[in-house]
Amino acid sequence: MSEERHHHHLFHHRQEEEKPSEEVAYSETVYNPSGDDYTSGYTETAVAESASDEFERYEKEEKHHKHKEHLGEMGALAAGAFALYEKHEAKKDPDHAHKHKIEEEIAVAVGVGSGGYAFHEHHEKKDAKKEAEEASGQKHHHHHLF
């Protein structure tokens, strides 16, 4: 191929790659445990996904992270309640106060961990929501006057 023609071919190939398309393609690897030698094992299949399918996938992911965020919040709430209970027990039962204080501190640590998990999932949810908006073309712009 001549130098000029080769350059021309690369130029058009790059233009085709940059065009936005309605479909997104990805590959999916699936394990098939059947006994047939020709079909068993891992197979990779190309899957085309439309923009609406991609939007639905991101919406599902957002819902999934919202659920996990709420689980983290409930864990933090339960651990906080248990910590308060153990603090009360330490005052009420002076013979075992040391044991109750240790359990209170463990409950506080679990509560902090659960709160951190909820915070992490909150940000994952926000990222999924942003990706869903971008996939559907619904980029919301908020204009604040003050």
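Before starting, one definition: a residue is buried under 20% relative accessible area, exposed over 50%, and partly exposed in between. Keep in mind, too, that this is a predicted model.

**Exercise 1.** Work out which pattern the secondary structure follows along the sequence.

*Solution.* Start with the inventory: the protein has three helices and two strands. Next, read along the sequence, and the pattern is α-β-β-α-α.

**Exercise 2.** Find which elements have the lowest and the highest mean pLDDT.

*Solution.* Then go through the elements: helix α1 (residues 3–18) has the lowest mean, 46, while helix α3 (residues 97–136) has the highest, 94. Finally, look at residues 4–24, where pLDDT stays under 50. Where pLDDT is low, the predicted coordinates should not be read in detail.

**Exercise 3.** Describe the aromatic pair formed by Phe82 and Tyr85, and decide whether each residue is buried, exposed or partly exposed.

*Solution.* Second, take the geometry: the ring centres are 6.0 Å apart with 35° between the planes, and the pair is tilted. Third, apply the cut-offs: Phe82 has a relative accessible area of 40%, so Phe82 is partly exposed. Tyr85, at 42%, is therefore partly exposed as well.

**Exercise 4.** Find which residue lies over the face of Tyr58.

*Solution.* Go to the ring of Tyr58 and look over its face: Arg57 lies there, 5.1 Å from the ring centre.

How values were computed: Residues are numbered from 1 along each chain as its sequence is written. This is a predicted model: local features need pLDDT of at least 70, side-chain atom pairs count only at pLDDT 80 or more; totals for chains, interfaces and linings use all residues. Side-chain values use heavy atoms; hydrogens and water are left out. pLDDT is the predictor's confidence in each residue, from 0 to 100. Helices (H or I, at least four residues) and strands (E, at least two) are DSSP runs, numbered from the N terminus. Contact means heavy atoms within 4.5 Å. Rings of Phe, Tyr and Trp (its six-membered ring) pair if their centres lie within 6.5 Å; planes under 30 degrees apart count as stacked, over 60 as edge-to-face and the rest as tilted. Buried means under 20% relative accessible area, exposed over 50%, partly exposed in between (1.4 Å probe, protein chains only). A charge sits over a ring if NZ of Lys or CZ of Arg is within 6 Å of the ring centre and within 35 degrees of the ring normal.
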